[in-house]
Structure formats: structure tokens, C-alpha cells
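Biologist: Could you take me through this model? I would like the criteria along with each answer.

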Amino acid sequence: MRDSRLGKKRLIAVCGKGGTGKTASIALMTRALAEHPATGNLLLIDADPAMGLLSALGVQVRKTMGEVRESIILTSKRGKSEDKANIGNMLDYMIFEALTELDRFSVLAMGRTETLGCFCPVNTLLRNAIEALADNFDTVLIDCEAGLEQINRQVVKELHTLLVISDPSSRGMETAAMIRKMIIEDRVIRCDRVRMVFNRVRGDEEFLRKSAAKLGIELAGLVPFDENIVQFDLVGKPITDLPSDSPSLESYRRIVADCILAEC
Amino acid sequence: MAVFDGHIKAVRDFMRSVPVTDDLYQEIDCSGTPEEIRSSLPINLGRGASSGIHLRSNTYTELGNPIAGSCSHLLWTNNTSLVRDGRITLIGPDIPASEGESLPFGQILMLAGETLGANDHERLQQAPIIGDRIEGYMLKSTSDYLWARVSKDVAARGFNFEILGKSLISLIKSRTPGISAIEILFVTSSKEDVKELASIASEVKGLGSNLLKEAWKERGFDVECDFDCASCHDEPVCDDIREVIVGVKKAAREKRKAEDGKAVEHPIPFKLNA
């Protein structure tokens with residue numbers, strides 16, 4: 001059941017330690033969501049400044065939100081009076097320009113910003129605009145860094161589901177524990193539920209189930225090690241083009257159906 | 001006032017010389033009050049009539065996206081003989097013939113009113129900002145560019161440039177006093193034609209900018225300041241004074257309203273934030 005506080009759309013963020021397969025996970029979830037009729041209009045927000053997700057999806061963007069932010073700051077600093085008066089209209093136009101629409105989903109890349117400084121009002125302006133844009137979609141999937149402060153500042157203030165990605169390593173689990181603490185104790189971002197996915201699993205399933213229970217995070221699924229992903233990564237092919245019967249893709253189809261579409 | 005009269009004539013020359021076949025050149029005349037025009041349309045007009053965005057999957061025709069090219073300008077005059085009221089000219093393919101297409105888009109609005117003068121320029125520039133007021137027509141715009149999408153729903157009801165033109169005429173006339181004639185040119189024929197139109201109109205922006213500067217100077221504001229406020233230690237002082245100016249103006253407005261007999265129940269006193 002979807003929460004009325006967040007409107008009718010599903011907001012799901014995915015985070016985890018670097019190197020745990022987060023990017024491939026989101027690419028596969030994007031494909032699984034795009035294939036499922038219950039998803040509706042799907043928006044993918046790449047909030048990781050590294051923007052590795054775009055190549056995993058085989059997507060090129062025309063403009064990033066970092067560039068939009070840059071234009072606003074420069075217009076405010078150096079623009080002519082009438083340009084400054086037009087920032088509102090410019091913002092609307094540029095955000096639409098930053099939205100890349102594909103056949104089955106749309107992508108908004110946050111990118112990085114060059115201008116140093118906090119510029120909190122600019123972040124608030126952009127976050128409000130992103131939230132207004134996201135209102136036009138039924139499902140929003142956000143790729144974020146392990147630290148969640150950045151999506152709170154720049155993307156959204158609350159989520160339905162936070163999906164923590166880890167591999168079976170102790171460091172991956174330490175990061176998962178840190179993320180849980182940020183949500184439950186530090187309340188970095190409002191979030192209805194936290195779920196966990198273990199990637200690259202090779203037979204140690206019982207141990208991983210117990211580990212998730214020990215961390216206090218409900219397990220959404222175990223994704224087996226998939227040689228196809230290694231091969232695709234090696235030659236730079238989009239992960240979304242994996243063969244339909246790839247074991248990792250089948251796992252993410254189940255996670256999407258049971259954890260994202262059924263719960264949100 | 002003849003600031004833009006030469007540009008209106010240049011636009012007419014463009015209309016005569018643009019190399020298109022007869023089937024890609026349409027002239028439509030509409031008449032009536034804004035209310036009469038509005039009631040004749042198969043779509044709704046007004047705030048919120050087209051809220052949100054139209055995704056590509058729901059778009060029948062796209063106009064002026066940044067790759068296809070666009071230009072938008074507004075020219076006004078107090079010589080009413082230069083503007084043919086209610087005339088909508090389309091050069092290029094119309095919306096019903098462009099399903100799934102992304103067309104280049106040029107839009108020139110020509111307005112006339114006997115009493116129009118330099119002081120009206122600022123409010124006239126706001127006239128084409130119609131935002132979400134035309135059902136099924138999503139518009140994202142800056143001062144020079146237009147990017148629009150027509151939804152499949154209104155396309156099924158016959159939405160075309162005649163309806164778009166009539167909608168603009170109705171909305172602009174009802175929202176902007178002092179305008180007695182509106183003529184609109186839409187160009188969708190090619191990116192090159194839109195570029196040519198943009199070059200004719202490029203001078204307009206500079207002239208308009210000068211009119212705005214003069215109007216602001218008359219009101220006592222310095223708009224020529226090139227100083228970078230972000231690097232100035234005195235910025236907080238200026239921020240405070242700007243607030244004072246806003247407050248003083250607000251108080252003066254309330255006073256004027258009260259003197260005009262329009263009762264203001266709770267005039268809001270201005271105060272400087274700590």
C-alpha cells in the first residue's frame with residue numbers, strides 16, 4: 001500500500017559501499033521495473049556524482065542537474081538584471097532539458113558541480129523542482145552514495161524504501177550497519193522502510209540471512225554471482241542488455257515484484 | 001511609439017520570402033471578444049488547465065526542443081495599422097499532420113494598442129508567459145526559446161495552430177489591458193527558417209533591454225551596476241536596504257489603496273528582519 005504522505009508515487013533509493021555491485025544492481029532493477037506493468041512511468045535519478053550508472057544503462061544525458069545549478073549560480077552572480085528576473089522560467093526549462101526520456105524510463109543525472117560553496121537556497125530551489133518533476137512519475141528510483149546527506153540536500157526529503165546493497169564482505173556489512181544507523185538513529189532522511197540485498201552470493205546463504213538479522217535490516221533478496229555481469233563489464237556493454245535468463249536479473253525481478261511493487 | 005515597427009515590417013518580409021509550398025502556408029482569421037473566442041474552443045483555458053509535464057509517451061507533437069530549434073519574440077506598436085487583429089499565420093506543417101514529430105518552432109507575437117508606450121514594455125513581455133493555462137499544451141520557455149508539447153488527448157480533439165493561436169489571443173487580450181490587436185506568426189517549416197526568424201528578432205532583445213533599463217532608471221534603480229555582489233563585504237547592508245525598499249513600497253501601495261476607498265482590512269506593516 002502506498003503512503004498518502006508521499007503522494008501516489010513510489011520513492012526508492014539504493015545505496016551501499018562502493019564496489020559491492022550497486023551500479024549493476026540498479027541497472028538490473030531498472031530493467032525489471034521497466035518490464036513490469038505495475039511500475040507505471042519510471043524515473044531514474046542518478047545522484048551519485050560518479051555517474052557510473054549512465055554507462056551501465058547505456059544512456060547519454062544532454063545536461064546534468066550540476067550544470068543547471070552552475071547556470072543558476074552564474075546567472076545570479078554575473079547575469080544581467082532581466083536574466084536574473086527570469087531564473088524561475090530558466091529553471092523550469094533547464095530541468096526539463098536535463099530529463100532524458102527513453103522508451104521505457106526517464107533519467108535525471110545529478111552530476112557534479114564546479115562552483116565551491118554551500119548555496120543552500122539554490123539546493124532547496126533545485127530539490128523543490130526535482131520533487132515537482134518526480135510528481136509526474138509513478139515510480140522513482142534513486143542511485144545514491146553511501147552517505148545519504150547528499151540526497152536529502154539535493155534530491156528528496158523522504159523515501160518509501162531504502163534498499164541497502166552489500167556483498168558478502170565484512171566491509172560491505174559495516175557500511176550497511178552505518179547506513180541503518182543514519183536512518184534509524186540519526187534520521188538523516190525520512191524513510192518508511194529499510195531493506196537489504198546481498199550481491200555476488202556463492203552458497204553462503206544461511207550465514208548472510210543471519211548477518212542481515214544481526215544488522216536489524218530485513219532481507220529483500222540474495223543475488224547470485226553472475227558471470228554475465230563480469231563479461232558485460234569487461235567489454236563495456238550496458239548491464240541492462242543482459243540475457244533475459246541471467247540469474248542476477250531473475251533475482252532482481254523477484255526483488256522488484258516482492259519488495260518494491262508489492263510493498264510500496 | 002515606433003521602436004519595433006521596423007521589425008514588424010522585417011517579419012512581414014520574411015513571411016513573403018520564406019520558400020515553402022502553398023500547402024505549407026496557412027492564414028487564419030479569428031474575431032470576437034476574448035470570451036467569445038474562448039467559448040468557441042474545444043479545450044479549457046485558465047490557470048492549471050495543463051498541469052505537470054507531458055512525457056514523450058503522452059505527446060502527439062513536440063515543438064521547439066533544444067535540438068530541433070526554437071525562437072520566440074514579442075513585438076508591439078502603437079501604430080494599429082501595422083497589426084492585423086486576429087490573423088494567425090502558419091508557415092510549415094500543422095500539428096495534426098505531425099504525429100510523433102519533433103518540429104522546429106518559431107513564434108512571433110505582434111501586438112498593437114494606440115496608447116502603448118515604453119512604460120508598457122515590461123508588462124507586455126509577460127503577456128506570452130502563459131505557463132499551464134492551455135489544456136494539453138505543455139510550455140517550457142525562457143525569454144528567447146519555447147519548448148512545447150501537445151498531448152495526445154487534445155490532439156484527438158483537433159488541437160492545431162489555429163486553436164493555439166486563438167488560445168493565445170484570448171488569454172493575452174483578457175490579461176493585458178491596452179491591446180486592441182494581436183497577430184501571430186508560427187513557423188515550423190525548418191530549423192533554418194526558425195534561425196532566420198531568430199536573427200531578424202535578435203535586435204529586438206537589445207532594444208527591449210534598453211527600454212527596461214530606462215523604465216527602471218525612471219523608478220530610481222541602477223541597473224548598470226557590474227559589481228559582483230557575492231564578493232562584496234557590504235552585501236548584507238544592501239540586502240537589508242532591499243527589504244526596506246520592498247516594505248516601503250508595500251506600505252505605500254496599501255496607503256494608496258486605502259485612499260482610493262478600497263478598504264484594506266489588515267494592512268501589513270513592513271519590518272526589517274533581524
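Modeller: A salt bridge here is a side-chain nitrogen of Lys or Arg within 4 Å of a carboxyl oxygen of Asp or Glu. The model is predicted, so local features need pLDDT of at least 70 and side-chain atom pairs pLDDT 80 or more, while totals for chains, interfaces and linings use all residues. Residues count from 1 along each chain as written, chains are lettered from A and ligands numbered from 1 in written order, and side-chain values use heavy atoms, without hydrogens or water.

Biologist: How many salt bridges does a search of the whole structure find?
Modeller: The search covers all chains. Across the interface of chain A and chain B, the rule finds three. For the whole structure the count is 24.

Biologist: Which residue meets A:Glu97 in a salt bridge?
Modeller: A:Glu97 lies in helix α5 (residues 87–98) of chain A, and its partner in the loop between α2 (52–57) and α3 (65–78), so the pair ties together parts 34 residues apart in sequence. Helices are DSSP runs of H or I, at least four residues; strands are E runs of at least two; both are numbered from the N terminus. The N to O distance is 3.2 Å, and the partner is A:Lys63.

Biologist: Is B:Glu183 buried or exposed?
Modeller: B:Glu183 forms a salt bridge with B:Arg84 at 3.2 Å, N to O. B:Glu183 sits in strand β9 (residues 181–187) of chain B and B:Arg84 in the loop between β3 (70–77) and β4 (87–91), so the pair ties together parts 99 residues apart in sequence. B:Arg84 is partly exposed, at 36% relative accessibility. At 0%, B:Glu183 counts as buried.

Biologist: Which side chain meets B:Arg149 in a salt bridge?
Modeller: The contact (heavy atoms within 4.5 Å) takes 21 residues from chain A and 23 residues from chain B. B:Arg149 reaches its partner at 2.7 Å, N to O: the residue is A:Glu101.

Biologist: How many residues has the largest nonpolar core?
Modeller: Such a core is a set of buried Ala, Val, Leu, Ile, Met, Phe, Trp, Tyr and Cys residues joined through side-chain atoms within 4.5 Å. Those with the most contacts inside it include B:Phe14 and B:Leu185. Its largest share, seven residues, comes from helix α5 (residues 161–175) of chain B. The core has 63 residues.

Note on methods. Buried < 20%, exposed > 50% of the residue type's maximum accessible area, 1.4 Å probe, protein only.
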